[in-house]
Amino acid sequence: MELNTNSLAFIGLCNEYCFAVENSRETTLHEFVASMLRLLPRIYISASDLSPEPLMDDDEPYLDSYLDEDYYESVRRQIENLLGPDDVYLEVFEEDMKYSDTPIGASVAEGICDVFQVLYNFIVAVKDAPDEAINSALVAVKEDFATYWSQKLCNLLRPLNHIYYKSVDEDDV
């Protein structure tokens, strides 16, 4: 079995995203947000187009967790510090919103790190793995995309867009 072009592109985008998130401390707010706005839509499209080979009936797609909680929290805090007061935004696609009279706040840094966690685990799982193991990881990440992180990714675009264009407007002043 040989990996198709989209699978290889997806793996490359995941690697680029993880690198950008892990190195957020080395960038400015504007550079980091621009990077996220460039990567997230491409990852969404690429993940939507994934078409790994179906697994055998008895195989359950699953990605092991390689990202430990301390590292996740360290990366989340560094992004939260970079974003400052712009880290919190009002979330309208939260399930609890239907039953709430008050707005529900969400964290951009946490959303970025939730996507990072999935993609980090995926990248570690496929690194130096045989094609069959990569295909299994692609099936798992595609299923997880449909049920979990696709919505998180979409939700991040709105506040990131706001931060990016707010900072551009402030630079013009």
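Lys166 is partly exposed in the predicted model, at 28% relative accessibility (partly exposed lies between buried, under 20% relative accessible area, and exposed, over 50%, with a 1.4 Å probe and protein chains only). Lys166 forms a salt bridge with Asp86, with 2.8 Å between the closest N and O atoms (a salt bridge places a side-chain nitrogen of Lys or Arg within 4 Å of a carboxyl oxygen of Asp or Glu). This pair links distant parts of the chain, 80 residues apart, with Lys166 in helix H5 and Asp86 in the loop between H3 and strand E1 (88-91); helices (H or I, at least four residues) and strands (E, at least two) are DSSP runs, numbered from the N terminus. Asp86 is buried, at 16% relative accessible area.

The model is predicted, and local features need pLDDT of at least 70, side-chain atom pairs count only at pLDDT 80 or more, and totals for chains, interfaces and linings use all residues. Residues are numbered from 1 along each chain as its sequence is written, and side-chain values use heavy atoms, with hydrogens and water left out.

By this rule, the count comes to 6 salt bridges. Within helix H3 (residues 69-83), Glu73 and Arg76 lie 3 residues apart, about one turn of the helix, and their side chains meet in a salt bridge at 2.4 Å, N to O. Arg76 also pairs with Glu80 in a salt bridge at 3.3 Å, N to O. Arg76 is buried, at 13%, whereas Glu73 is partly exposed, at 26%, and Glu80 is partly exposed, at 30%. A network of salt bridges links Glu73, Arg76, Arg77 and Glu80.
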